[in-house]
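Welcome! Take a moment to look over the protein shown here, and then follow the short tour below.

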Amino acid sequence: MDTLLRIAIQKSGRLSEQSMQIIKACGIRFGSDSRLLKERAENFPIEFLYLRDDDIPRYVLDSVADIGIVGRNEFDEQGLDVAVIRDLGFSKCRLSIAVPLGFPYNGLASLEGKRIATSYPNILKSKLSDSGVHAKVLELSGSVEIAPSIGVADLICDLVSTGATLASNGLREVEAIYHSTAVMVTRHELEREKVEILDRLLMRIDAVMKADDYKYIMFNLPKEHINQVASIVGGMKSPTVTPLLDQQWCAVQTVVHEARFWDVLEQLKALGAQGILVTAIEKMAD
Ligand code: PRT
Ligand code: ZN
């Protein structure tokens, strides 16, 4: 039987859609029918297991799955001996201390002797101990934000993305103690045939992620300024330059890192660039 790489992804929740999306962007076709528990891709030797996110690190460690996509928070909280091989960047959130509106907060020392409700006791305890603070950590599996109002805790430590949940529960976010994104994990001793499939998958994922970071730009420029373009766009190999009918002008094509995009655009305009076109890049490999 052909070897398949088994990938565990969240069945339904905040990680599911983007986990599937990144695999699809790799040209891998599958039904993504999360009513199923297990599904084989049509055109790549991989099989999906749809699971609860909390179970993913354990299943990878126990070889039920070979790789998995999970929040870094879950990976660090469980502390299992699996390895992070890629930071996928999506499902960004932070683990924050949040207090009732009247609570006087002046740094972590204000938590001394307090009762803190959280679903992430290990991450929280390690932060408190690094700061030399002694507090009572109360583990709750959900609805952490109501703990102060029903009197079971003085404050909470919970995941936050927009902050709306805290606000609607009369809580104030005072300090982020940890930042998380979705990561891909694998176990340490993966069989050779599986490593080969994983390497092919990672090559595709890297191309997709890299493309997300760049824009492709085309523009016309007075020829006399062409030497300045390379230093403006920076970092990449020489831009492609094509002559135009009007011999004073040329057309330039190049890629620009998203982080520098507006900066580059302004500088090109200042050089006299015209007809600037910008497009997203779908895939990008070295
Ligand atoms: O059923 P299953 O166990 O698989 O799912 P789950 O309910 O345990 O997890 P899920 O889908 O809620 O979250 C999966 C992962 O998404 C988490 O482990 C994080 O890595 C990531 N993530 C990103 C978040 C959030 N953003 C987030 N905002 N996980 C949870 N939240 C919750 C938070 O706990 C709070 O209740 O959303 C609320 C706050 O959101 P805001 O936008 O109001 O601040
Ligand atoms: Zn969960």
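In this predicted model, the side chains of R187 and D66 meet in a salt bridge, 3.1 Å from N to O. A salt bridge here is a side-chain nitrogen of Lys or Arg within 4 Å of a carboxyl oxygen of Asp or Glu. R187 lies in the loop between β11 and α6 and D66 in the loop between α2 (56-61) and β4, so the pair ties together parts that are 121 residues apart in sequence.

**How to read the model**

- Residues are numbered from 1 along each chain as its sequence is written, while chains are lettered from A and ligands numbered from 1 in the order in which they are written.
- Because the model is predicted, local features need pLDDT of at least 70 and side-chain atom pairs count only at pLDDT 80 or more, while totals for chains, interfaces and linings use all residues; side-chain values use heavy atoms, with hydrogens and water left out.
- Helices (H or I, at least four residues) and strands (E, at least two) are DSSP runs, numbered from the N terminus.

**Salt bridges**

- The structure holds 16 salt bridges.
- Are R187 and D66 buried or exposed? R187 is buried, with a relative accessible area of 9%, and D66 is buried too, at 1%. Buried means under 20% relative accessible area, exposed means over 50%, and partly exposed is in between (1.4 Å probe, protein chains only).
- D66 and R187 also belong to a network of salt bridges with E191 and K194.
- E173 pairs with R94, their closest N and O atoms being 2.7 Å apart. This pair links distant parts of the chain, with E173 in strand β10 (residues 171-180) and R94 in strand β6 (residues 93-100), 79 residues apart.
- E173 is partly exposed at 30% relative accessible area, and R94 is partly exposed at 23%.
- R192 and E196 form a salt bridge (3.1 Å, N to O), and both lie in helix α6, four residues apart, about one turn of the helix. R192 is exposed at 56% relative accessibility, whereas E196 is partly exposed at 45%.

**The nonpolar core**

- In soluble globular proteins, nonpolar side chains tend to be buried together.
- Here, the largest nonpolar core has 29 residues, and those with the most contacts inside it are I7, F48 and M184. Such a core is a set of buried Ala, Val, Leu, Ile, Met, Phe, Trp, Tyr and Cys residues joined through side-chain atoms within 4.5 Å.
- Which elements give two or more residues to this core? They are β1 (5-10), α1 (16-25), β3 (46-51), β4 (67-71), β11 (182-186) and α6 (192-213). The largest share, seven residues, comes from α6.
- Helix α6 also holds I197, which is buried at 7% relative accessible area. The C-alpha atoms of I197 and L5 are separated by 6.6 Å, although these residues are 192 apart along the chain.

- D54 is partly exposed, at 31% relative accessibility.
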